[in-house]
Amino acid sequence: MNTESLSGTFLLIAFILYTLSFVVYGIAVTGKKWSSRDPENHVKRWGKFGLVLTLIGFASQLGYFFTRWYTAGHIPVSNMFEFLTFLSMMIALAFVIVYSIYRITVLGMFAMPVCVIILAYALVFPPDIQPLIPALQSYWLKIHVTTAAFAEAFFAVGFAAGLMYLLRVVNFKGTSKADRRERRGVEVVIFVVLTTVAFVITVFVFKGIGYEARFVSEVTKIDQNGQEYVETSTVDYVLPPIVKPFNSKAETMQPFLGMNEPLFAAPSWMNGINAGRKLNTFIWSLIAGLILYVLLRLILRKQIGAAIQPATSGMDPEDLDEISYRAIAIGFPLFTLGALIFAMIWAHEAWGRFWGWDPKEVWALITWLYYTAYLHFRLSRGWQGRKSAWMAVIGFVVVMFTNVGVNLIIAGLHSYAGV
């Protein structure tokens, strides 16, 4: 077995162990009511088992990380597949650090799914090892990306603890306007998480059945000599094309559910052959998320948040609030260093300027300002409890848009990360 295959095996083992650890944490929390003799011992015993699985999974992912580094000849954080796998590894590490401080087993039931979902999402992207483009051939790649990802891992733990707090304190049986607003907010967060899960499942299903569609676009351009020439571009779809790229035609398209051609074309303002695929992906994500959400609601016969709430019944809300705050407080200085200071130094070396208003730079600044506001309101205005938890939850949504949404949707100097 060569090192590239070995790294893939390590990653698969880590994914399985992380998933099993989530299941074990779930058994530890929800199974204590079955252990009438000593429920607290039940939680501790299963919690330790879950931690062991997490640590072995982390060790396996470290094996993936270093074998891929050896094979590629550079640190594996240069594209979306590599970055998201590294981020999932850092989330596992951040969880272990926070767990070692607070020893709260139920945190694993919420933090590890974030790790698993991000790792699964990484597997949607091509895992091929690619040579570094010139802009990435710098030792700052190691310093900037790893520090920023480690910081964002603590934001993820803060998100998990914040969501746990909301599930613990929201009144799912209340009839007041405030209760209904909070319930809707929690359900929206759960829907976003389920949409990501459903999208990953959908992509794997269509990859498994070998679905393919390809579109060709021909654009007339003028070169420097004033001569016209035709530029031909192609784009491959993994998901059935509900929407095709603007000004394109199908080269190949397998029928799906009687659909032999796309329902409509992307609007003209979404020019660019990849824009149609991105819009198609967004539509499929919403469809898959809605289907999964509705199915769970039908099975549970109640709001999903209300079904999850009993798992947090034994938790002290103040402890959850403290965990969320402490995790973000650890991540913030790391993010300041990695995502801003180190990034600006590297930008000066690579492009001759510290700041250039590139979309990724702007959203990194927005993320930093957001968590600055979080800490300001927490420390100066006394925003604790619900307000703090909502900011922690929304903050990680901003983080993921900065990491994924900006790379995939907005063109810029960092677009290579979305390949």
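Author: A surface patch is made of residues with over 30% relative accessible area and no salt bridge, and nonpolar side chains such as Val, Leu and Ile are joined into one patch within 5 Å. The structure above is a predicted model, and the answers below rest on it.

Reader: Which residues form a nonpolar patch on the surface?

Author: Ile287, Ile291, Val294, Leu295, Leu298, Ile299 and Leu300 form this patch, and together they have about 640 Å² of accessible area. One of them, Leu298, has its place in helix 7, which covers residues 273-300.

Reader: What makes Thr146 buried or exposed?

Author: Buried means under 20% relative accessible area, and Thr146, at 19% relative accessibility, therefore counts as buried. Thr146 is found in helix 5 (residues 140-169), and, not counting residues up to four places away in sequence, Thr146 touches Ile75, Phe86 and Leu141.

Reader: How do you know which class Val52 belongs to, given its relative accessible area?

Author: Val52 lies in helix 2 (residues 39-72) and has a relative accessible area of 42%.

Reader: What partner does strand 4 have, and over how many bridges?

Author: Strand 4 (residues 249-253) pairs with strand 1 in the antiparallel sense over 4 bridges, and Phe215 stands opposite Ala250 in strand 4. The strands make an open sheet of 3 strands in the order 2-1-4. Strand 2 and strand 4 stand at the edges with a single partner strand each, so one side of each is left without a neighbour in the sheet. On average, neighbouring strands of this sheet are turned by 25° against each other, direction ignored. Helix 7 lies across strand 1 and strand 2, running at about 20° to strand 2.

Reader: Why is the contact between Arg386 and Glu182 called a salt bridge?

Author: A salt bridge is a side-chain nitrogen of Lys or Arg within 4 Å of a carboxyl oxygen of Asp or Glu, and the side chains of Arg386 and Glu182 meet at 2.6 Å, N to O, so this pair is called a salt bridge. Arg386 lies in helix 11 and Glu182 in helix 6, so the pair ties together parts that are 204 residues apart in sequence. Arg386 counts as partly exposed at 34% relative accessibility, whereas Glu182, at 12%, counts as buried.

Reader: How far apart are the closest N and O atoms of Glu322 and Arg326?

Author: They are 2.5 Å apart, and because the cut-off is 4 Å, Glu322 forms a salt bridge with Arg326. These residues are 4 residues apart in helix 9 (residues 317-351), which means that they are separated by about one helical turn. By the rule used here, the count comes to 6 salt bridges.

Key:
Residues are numbered from 1 along each chain as its sequence is written. This is a predicted model: local features need pLDDT of at least 70, side-chain atom pairs count only at pLDDT 80 or more; totals for chains, interfaces and linings use all residues. Side-chain values use heavy atoms; hydrogens and water are left out. Two strands pair if DSSP finds at least two bridges between them. Helices (H or I, at least four residues) and strands (E, at least two) are DSSP runs, numbered from the N terminus. Patches are made of residues with over 30% relative accessible area and no salt bridge: like charges are joined within 9 Å, nonpolar side chains (Val, Leu, Ile, Met, Phe, Trp, Tyr) within 5 Å. Accessible areas come from the Shrake-Rupley method with a 1.4 Å probe; for residues, only the protein chains shown count as cover. Buried means under 20% relative accessible area, exposed over 50%, partly exposed in between (1.4 Å probe, protein chains only). Axes are lines fitted to C-alpha atoms, for helices over the stretch in contact, and angles run from 0 to 180 degrees between N-to-C directions. Contact means heavy atoms within 4.5 Å.
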